[in-house]
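Here's a quick tour for anyone new to reading protein models.

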Amino acid sequence: MKMITKRGIFLWILVIAFTAGLVFLIVSFVNHGDEWVMQPYNSHLYSSGDLVGAGKITDCNGRSLAETNNGKREYNDSVTTRKATLHTVGDTKGFISTGVQNVYEAKLTGFNVLTGIYNVTKNGSGNDMQLTVNADVCDVAYKALSNYKAGCVGVINYKTGDIVCMVSTPSYDPQNKPSDIDTNDYYEGVYMNRLLTGLYTPGSTFKLVVAACAIENIPDIYSREFKCTGEYDAGGTPIECNARHGKLNFNEALAKSCNSAFAQIAIELGYKKLADTVKELGLTSTVCVSGDINSSKGRFFLEKGDSNDYIGWTGIGQGDTLVSPIAMLRFVGAVANDGKAVSLNLVESFATKAGKMLDLDFNVRETPLLSSETASRLKSMMRYNVKEQYGDYNFKGLKLCAKSGTAQIDSVDAHNTAWFAGFMDDPENPYAFVVLVEHGNSGSGTAGPIANKVLQALVNK
């Protein structure tokens, strides 16, 4: 009798262990099945480590950017378009981690827990994806950037959050990958989408941040008068200005990008108010695109006890601050949108081969970054910049509000990082933009014309 009881207990233990193992396996399969099936050794989806079994990717106008034909992944017919959209679409080996082919590979292949990859095996491809980017506009941006070593262009609809243009250079033709891509200095950082994961000294674009902080914390800022003698001595290394501006008000200080004035303003505000503003504007946070693609986090180093000259240098964007271009784009988009940043989106839709729409698991939301009053005042100042400093005639019909930046990386002007960021104050064309050019010398002289070409192509399409 005792023997039967022991055997019964042992059998119950086996049943419980088997059931627990089965439950664990099912849960693991449901949660991680897409990861398991997307391994490069799965010959149904990959050939020699290259993704081949996936759906079609198109731009907002239906232009094919990547698709599977006869067991091979093919890109657009245009070499320029292939290079211009490479960092958006991604490569077939997943080296470009932020490309949609890598981030959404399971959805593109059509994997689900019930049928696995049956439909991919049967039909030769998976689900189709339409993006929000305009390939024609990306072509213009790529051509404009191609004269420089490296850079990026980003354009969003600041009302909907749709990314209309996303281009990063250097790039390469994914259908004819260069044999020297890993050894040629020209391709340094080629797998990085600079708009999303690049971190850069912001230069004078950071004066927009200081201006926003001053508007909210210095009540008489608009009645202040600043004196610029060509440099400002806050102790330590004098902060040199780009000119001897003489007397100027707050509006003029931003338009002329006066280092003396903004160093003084930053020092008066102090490290705490500046640090709080940077955080509130999301410049040190990850910017999430379509709920799945994440940018690099920016960095801001001011803290209690820092010297006045260091605070001054930080205030003009020449300290140790680092910002991702997409975070700067999100910020200026919020200025345009009454202080509210709209969540950014790159994926317009997913559909099966039969045309059934798939759930994107992404909801558009607005995040307040600035008060409505601060955004309105900053918008007016950025519009003043263009009218009085950059010239409306250089941006015909765009009604541009903008700020340039020339971040000095070393003593050689040609090594400067050129910035131009802003938006169109136009309800019919609610576009915000950022242009960054490494080794670009002047922000307004180099990045500004690129922004004009891209926006003109967008609004006059």
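Predicted model: local features only at pLDDT ≥ 70, side-chain atom pairs only at ≥ 80, totals over all residues.

**Starting point: one bridge**

**The chain as a whole**

- The chain has 461 residues, and 52% of them count as buried.
- Its secondary structure comes to 15 helices and 20 strands.
- Take the contacts in the chain with a separation of 6 or more: 66% of them are between residues 24 or more positions apart.

- Which strands sit together with strand 20? The order is 8-7-20-19-18, an open sheet of five strands with antiparallel pairing.
- At the edges you'll find strand 8 (163–169) and strand 18 (400–407), and each of these pairs on one side only.
- From one strand to the next, the twist averages 5°.
- Strand 19 (residues 417–424) and strand 20 (residues 431–438) run antiparallel and are joined by six bridges.
- Another of the pairings to look for is tryptophan 419, whose bridge partner in strand 20 is leucine 436.
- Strand 19 and strand 20 also make a hairpin, with six residues between them.
- Strand 7 is joined to strand 20 by eight bridges, and these two strands run antiparallel as well.
- Asparagine 157 is the residue standing opposite tyrosine 431 of strand 20.

**How covered is strand 20?**

- Are the residues of strand 20 mostly buried or exposed? Eight of its eight residues are buried.
- Both faces of strand 20 are covered. Tyr431, Phe433, Val435 and Val437 are buried on one side, and Ala432, Val434, Leu436 and Glu438 are buried on the other.

**Helices against the sheet and each other**

- Helix 14 (residues 372–390) lies across strand 18 and strand 19, and runs at about 75° to strand 18.
- Helix 14 also packs with helix 13 (residues 325–336), at an angle of about 105° and with the two axes 8 Å apart.
- Angles of 65 to 115 degrees count as roughly perpendicular, so helix 13 and helix 14 are roughly perpendicular to each other.
- Which residues make this contact? Helix 13 brings Phe331, Val332, Val335 and Ala336, while helix 14 brings Ala375, Leu378, Lys379 and Met382.
- Sorted by type, the residues of this contact are seven nonpolar, no polar and one charged.

**Aromatic rings**

- How many aromatic pairs does the structure hold? There are 12.
- One of them is phenylalanine 206 with phenylalanine 300: the pair is stacked, 6.1 Å centre to centre, with 25° between the planes.
- Phenylalanine 206 is in the loop between helix 8 (194–197) and helix 9 (207–217), and phenylalanine 300 is in the loop between strand 14 (293–294) and helix 12 (308–315), so this pair ties together parts that are 94 residues apart in sequence.
- Phenylalanine 206 and phenylalanine 300 are both buried.
- Phenylalanine 250 and phenylalanine 262 make a tilted pair, 6.2 Å centre to centre, with 35° between the planes.
- Phenylalanine 250 belongs to helix 10 (residues 250–255) and phenylalanine 262 to helix 11 (residues 259–280), so here the parts tied together are 12 residues apart in sequence.
- Buried means under 20% relative accessible area. Phenylalanine 250 has 1%, so it counts as buried, and phenylalanine 262 has 0%, so it is buried too.
- Tyr390, Phe395, Phe420 and Phe433 come together in one aromatic cluster.

- An open sheet of five strands has the order 5-4-3-6-16, and its pairing is mixed.
- Strand 5 (72–75) and strand 16 (347–351) are at its edges, each with a single partner strand, so one side of each has no neighbour in the sheet.
- Strand 6 (residues 128–131) pairs with strand 16 in the antiparallel sense, over four bridges.
- To spot that pairing, look for aspartate 128: its bridge partner in strand 16 is alanine 351.

Notes: Residues numbered from 1 in each chain as written. Heavy atoms only, no water. Pairing = 2+ DSSP bridges. Axes fitted to C-alpha atoms, helices over the stretch in contact; angles between N-to-C directions. Contact = heavy atoms within 4.5 Å. Parallel < 35°, antiparallel > 145°, perpendicular 65-115°, else oblique. Nonpolar A, V, L, I, M, F, W, Y, C, P; charged D, E, K, R; others polar. Phe/Tyr/Trp six-rings, centres within 6.5 Å; stacked < 30°, edge-to-face > 60°. Buried < 20%, exposed > 50% of the residue type's maximum accessible area, 1.4 Å probe, protein only.
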